[in-house]
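Please look over the sequence and the model below before reading on. The paragraphs that follow go from the fold to its contacts and then to its surface.

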Amino acid sequence: MEAHTFPVYKVDAIVQFLRNNVSDENLTKSDIAPNPKPDTIQRLYMKILHQVFGFRPECHSMMPINENVQYSAILEGVTPVLSVYICMCQFLPMCHIYDFQLNDILSPKVKRTIYILSGIMNFLHFRNLRQGMLAETQQTYKPVMDKLQTLTQEINEAEKKIQELSTIPPEQKAQYEELSAALSDLQNHMDHEVQEVSAVNSQIAELKADHAERSQKLNQKKVQVATLKEDIAKLKSQIVESPEEIKNEKEKMKETVKNIKKTKEKADVRSVELQIKNQTYNQYKADIQSVYKLLLDLQSAMDEMYKQQEEIHIFDNSNERAKKELKNLIADESQMKRALHMKQEKIHKQRIKRQRKLEMKDQHVQTIFGEYNQVHQNREDILNKIQEINSETQQLKAKMDYLKGCCEQETDKAQAMYDHLVTALDNLHTRIMDHVAEKKGEMEKMKACF
């Protein structure tokens, strides 16, 4: 008694509590202190046992019928005391009181009765608390089950929608395959055209170098002509030539001037052709760059689609895990229901057999309270898990809605890009064919010229 596991209350508090909770209105402070009355304390213990176990006070004075007792009238006064003593010996270990004796009923003492009643009071406080918590859980059990059913239905619908979104219809598959084949053909054609363009660029560079050399030669010739004209003017001033030689020199000079003019005209025509070719090459290069940008955009869109498909796959896995956890929780809950039902049946049977078998009551009550605590702990764990699953399902719903919107936007973008690409490819194909035909004609002309 020196190291108590519960607080020892005052007599006034104990009397007030027993009046309110045990419904013993005739109880007074003088019944407990300074001299406790054995009759009132025995009656109080009977009412406490009736409240806790449902064992009625008149059942304590009943004797078994099957037993043959010689002096049954003598035992009628002893049986209530012994029955209360046995029941209290089974009940008080739950209140952490392990040294209950028969003298505590027959000749109770003040400190001892206050100690026992304070332990019983602590246990009743705990019992009322647990009953309130159990009533709250029972009230919240049905809405939680309804929420679970609605959540499972919504999860199934979301899975169906995810499957519909993840599966590509055959029409789009055929279009995708056609688009990929067209893109591969276009890439091969682009590589071939790039090679041709590089060859044409090399030829253009050579022609530019020839044109620069010829222009340098023309400038040199112009300088030489200017120097010759100056020399001729000097010589004319110094020498008087014959008219025949002058005519011959003039004719030679006219021929040289004609040849220079012809070469200059050819060079101008060649420079104009090269400028036109350079402009067409720049236009062709800009078209190729625009097509290349479109291809890059389409590739990025396809990469985003693949990423979204991977995210959908991850969400499917998490959804399956959540469903497995829900199934496990439902199985545990059904097992707990069955266990509770079996326990209730056992309690009912043991209440009927309690009159015949008093010795089995201690084990039965201890097992019931231990299992009740386990069930309560398991139910709290299940409620926490259900709340976590509800939050996870809400997050999954939000992510699924966001992914649906993103998928729809991306499909619209991809469709628009596909239409734009098809038109651009057709235009480019026609341009390439025209350009190739022009290039071939120009090459033939260049070959003929060279």
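**Reading the model**

Asp104 has a relative accessible area of 8%, so this residue is buried; buried means under 20% relative accessible area, exposed over 50% and partly exposed in between, with a 1.4 Å probe and protein chains only. The model is a predicted one, in which local features need pLDDT of at least 70, side-chain atom pairs count only at pLDDT 80 or more, and totals for chains, interfaces and linings use all residues. Residues are numbered from 1 along each chain as its sequence is written, and side-chain values use heavy atoms, with hydrogens and water left out.

The partner of Asp104 in a salt bridge is Arg112, with the closest N and O atoms 3.2 Å apart. A salt bridge here is a side-chain nitrogen of Lys or Arg within 4 Å of a carboxyl oxygen of Asp or Glu. Arg112, at a relative accessible area of 12%, is buried.

As for the fold, the protein has nine helices and zero strands. Helices (H or I, at least four residues) and strands (E, at least two) are DSSP runs, numbered from the N terminus. Along the sequence the pattern reads α-α-α-α-α-α-α-α-α. Of the 450 residues in the protein, 28% are buried.

Back to the charged contacts: the count of salt bridges comes to five. One of them joins Lys29 to Asp12, where the closest N and O atoms are 3.4 Å apart. This pair links distant parts of the chain, since Lys29 sits in the loop between α1 (11–21) and α2 while Asp12 belongs to helix α1, 17 residues apart. Lys29 has a relative accessible area of 44% and is partly exposed; Asp12, at 48%, is partly exposed as well.

Which residue does Glu154 pair with in a salt bridge? The partner is Lys397, and the closest N and O atoms are 1.7 Å apart. Glu154 counts as partly exposed at 32% relative accessibility, and Lys397 is partly exposed with a relative accessible area of 33%. Salt bridges that share partners also join Asp99, Asp104 and Arg112 into one network.

Aromatic contacts come next. A pair of aromatic rings is described by the distance of the centres and the angle of the planes. Rings of Phe, Tyr and Trp (its six-membered ring) pair if their centres lie within 6.5 Å; planes under 30 degrees apart count as stacked, over 60 as edge-to-face and the rest as tilted. A search of the whole structure finds four such aromatic pairs. In one of these, the ring centres of Tyr45 and Phe100 are 6.2 Å apart and the planes stand at 75°, so the pair is edge-to-face. Tyr45 lies in helix α2 (residues 38–53) and Phe100 in the loop between α4 (79–91) and α5 (103–106), so the pair ties together parts that are 55 residues apart in sequence. Tyr45 and Phe100 are buried.

Phe91 and Phe123 form another edge-to-face pair, because their ring centres are 5.4 Å apart and their planes are at 80°. Here too distant parts of the chain are linked, with Phe91 in helix α4 and Phe123 in helix α6 (residues 110–166), 32 residues apart. Phe91 and Phe123 are both buried. Ring pairs also link Tyr45, Tyr85 and Phe100 into a cluster.

The surface remains. Patches are made of residues with over 30% relative accessible area and no salt bridge, with like charges joined within 9 Å and nonpolar side chains (Val, Leu, Ile, Met, Phe, Trp, Tyr) within 5 Å. A nonpolar patch is formed by Val78, Leu82 and Ile86, which together have about 210 Å² of accessible area. Ile86 lies in helix α4 and, at 36% relative accessibility, counts as partly exposed.

A positive surface patch includes Arg214, Lys217, Lys221 and Lys262 among its residues. The elements giving two or more residues to the positive patch are α7 (170–238) and α8 (243–353). Helix α8 provides the largest share, six residues, and Lys262 is found in helix α8.

How values were computed
Areas by Shrake-Rupley, 256 points an atom, 1.4 Å probe, with all protein chains shown as cover. Lys, Arg positive; Asp, Glu negative; His and termini not counted. Charge placed at Lys NZ, Arg CZ, Asp CG, Glu CD.
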